[in-house]
Amino acid sequence: MGQYAKIFKAYDIRGIVPDELDEEVAEAVGAAFVRLTGASCVVTAHDMRTSSPLLAEAFARGASAQGADVIATGLGSTDLLYYASGSLDVPGAMVTASHNPSKYNGIKLCRAGARPVGADSGLKELGEAAARGFPAHEGPRGTVTSRDLLPGYAGYLRSLVDLSGIRPLTVAVDAGNGMAGYTVPRVFEGLPVRLVPLYFELDGTFPHHEANPIDPANLRDLQRAVTESGADLGLAFDGDADRCFVVDERAEIVSPSVLTALIAVRELKREPGATVIHNLITSLAVPEIISEHGGKPVRTRVGHSFIKARMAETGAVFGGEHSGHFYFRDFWFADSGMLAALHVLAALGSQDAPLSQLLSSYSRYVATGEINSEVRDADATTEEVRLAFATRPEVTLDDLDGLTASGDGWWFNLRPSNTEPLLRLNAEATDEAAVSALRDEVLGIVRGRAG
């Protein structure tokens, strides 16, 4: 596969432009996508990176050359592309490298109805087919038609969350020069919201900070804006605006696990007894709260393809990941940071307490966050940690995704990176002293071997 092997990742296509990903590659991917899906029509969108319009046009050339019609929506967020694929019931392609630095670009693909395409669901075969190439299509070329789907996207999201009675709110939003600068004004239009906008100018060079809100350093400007404006909350989106992070009125970062619990409770009120998906590094509070509100919690591996698959299998109403991805059955089981943000606005605006007070009951444990350690042999290191905990009578071990050990009021997960020689540790316990002791014990073993 040559260069194709390098850029075809677990969930999408991503590489440096133009060295690894250029118009020729994008055109080949468009052709292969149509041949492998048998699609008669596909929809495309692209982010604000300098290279994105040309790559989207090249993908459309490849797709139309194989006989498929192309609906080109132009600028859009990844969840706008999911809306397009779901509402039109056609496969889709989003040209974006999400939160990666400006030298990168990529392509996220989905089947009709926004169903995911990953390494285990067609992406590997697609890379091999694109590398081989295809003979010319014998029939006529497809057409390429431009269509503005932003109004439909905004209207559909607003139809899923009742915001009609919310009190006036001041909301600081850091778009990170990414696609939220395009979508937020339209989605928030007409709401009783005073918007405090940061970095809404679309700029794929990311002049202010990386569009990656999972790194606390990239939330500092938002925190300052919340404090200075007296905002009720702050929202931060990543580059393609499919993830959303929240800070409260005190400018404190809100854990995505807390947001998962909040949205789960709202969805369970609407649909009592429903299933809610959470991945295995979300807080222990999440399944506890789901159960307390009459829902059925289902635990999955980390990664959107696993979440989406389990949601489809179980008919789950909602799913949350600790990385800031939130998935909704009524949004074709796809993730939408904007839809998550609207749920937070609705919850906050329908009562008088500040956000920190509203969320206090959803935060029950103290977490380490994700800690990475470089290791020579991930399997051997994990086995050493397993042996250290296996003999303790109160400990339960499982291997759903790496190694998870749990006891009374604590747990940790140690799992290998898919792409680097790293082990990722997440741990949680009832208080700061307990989680610090747990973290230090596990890292003592991991880093003792890392040498």
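Two strands pair if DSSP finds at least two bridges between them. With that in mind, keep in view that this is a predicted model.

## A sheet towards the end of the numbering

Strands E14, E13, E15, E16 and E17 form an open sheet, in the order E14-E13-E15-E16-E17 and with mixed pairing. Strand E14 (296-300) and strand E17 (334-335) have a single partner strand each, so one side of each is left without a neighbour in the sheet. Within the sheet, strand E15 (residues 318-320) pairs with strand E16 (residues 326-328) in the antiparallel sense, over three bridges. If you look for Gly 319, you will find Tyr 327 of E16 opposite. Helix H10 (residues 285-292) lies across strand E13 (275-279) and E14, and runs at about 155° to E14.

## Another open sheet of five strands

Here the order is E9-E8-E10-E11-E12, in an open sheet with mixed pairing. Which strands are at its edges? They are strand E9 (193-198) and strand E12 (253-254), each pairing on one side only. E12 runs antiparallel to strand E11 (residues 244-247), and two bridges join them. Val 246 has Val 254 in E12 as its bridge partner. Helix H8 (residues 220-229) lies across strand E8 (169-174), E9, strand E10 (233-237), E11 and E12, and its direction is about 155° to that of E8.

## Parallel strands around E3

Now move to strand E3 (residues 69-75), which runs parallel to strand E2 (residues 41-46) and is joined to E2 by five bridges. His 46 stands opposite Leu 75 of E3. Together, E2, helix H3 (residues 52-65) and E3 make a β-α-β unit, and this unit is right-handed. E3 is also joined to strand E7 (residues 144-146), by three bridges and again in parallel. There, the bridge partner of Ala 72 is Ser 146 in E7.

Is Cys 41 buried or exposed? At 17% relative accessibility, Cys 41 counts as buried, because buried means under 20% relative accessible area. Apart from neighbours within four places in sequence, Cys 41 is in contact with Ala 68, Asp 69, Ile 71, Val 90 and Pro 91. Between Cys 41 and Val 276 there are 33 Å in space, C-alpha to C-alpha, and the two are 235 residues apart in sequence.

| Strand pair | Direction | Bridges |
|---|---|---|
| E2 and E3 | parallel | five |
| E3 and E7 | parallel | three |
| E11 and E12 | antiparallel | two |
| E15 and E16 | antiparallel | three |

The axes of H4 and helix H6 (residues 150-160) come within 10 Å and cross at roughly 90°. H4 and H6 are therefore roughly perpendicular to each other. Asp 79, Leu 80 and Tyr 83 of H4 make the contact with Leu 150, Gly 152, Tyr 153, Tyr 156 and Leu 157 of H6.

In soluble globular proteins, nonpolar side chains tend to be buried together. In this model the largest nonpolar core has 78 residues, and those with the most contacts inside it are Val 171, Phe 188, Leu 233, Leu 235 and Phe 237. Helix H12 (residues 337-349) supplies the largest share of this core, 10 residues. A second, separate core has 31 residues, including Val 25, Val 29, Ala 58 and Ile 107.

Which residues does Val 171 touch, not counting those up to four places away in sequence? They are Phe 188, Val 193, Arg 194, Leu 195, Val 196, Leu 233, Leu 235 and Leu 345.

## Details in the loops

In the loop between strand E1 (13-16) and helix H2 (23-37) lies Pro 18. A cis peptide bond joins Val 17 to Pro 18, with omega at about -5°.

Asp 89 belongs to the loop between helix H4 (78-88) and strand E4 (92-95). Although Asp 89 is not a glycine, its phi is positive, at about 55°. With 54% relative accessibility, Asp 89 counts as exposed.

Ala 251 sits in the loop between E11 and E12. Its phi is near 70°, a positive value in a residue other than glycine. Ala 251 is buried, with a relative accessible area of 10%.

Terms used: Residues numbered from 1 in each chain as written. Predicted model: local features only at pLDDT ≥ 70, side-chain atom pairs only at ≥ 80, totals over all residues. Heavy atoms only, no water. Core = buried A, V, L, I, M, F, W, Y, C linked by side-chain atoms within 4.5 Å. Buried < 20%, exposed > 50% of the residue type's maximum accessible area, 1.4 Å probe, protein only. Helix = DSSP H or I, 4+ residues; strand = E, 2+ residues; numbered from the N terminus. Contact = heavy atoms within 4.5 Å. Axes fitted to C-alpha atoms, helices over the stretch in contact; angles between N-to-C directions. Right-handed = clockwise from strand over helix to strand, strands pointing away. Parallel < 35°, antiparallel > 145°, perpendicular 65-115°, else oblique.
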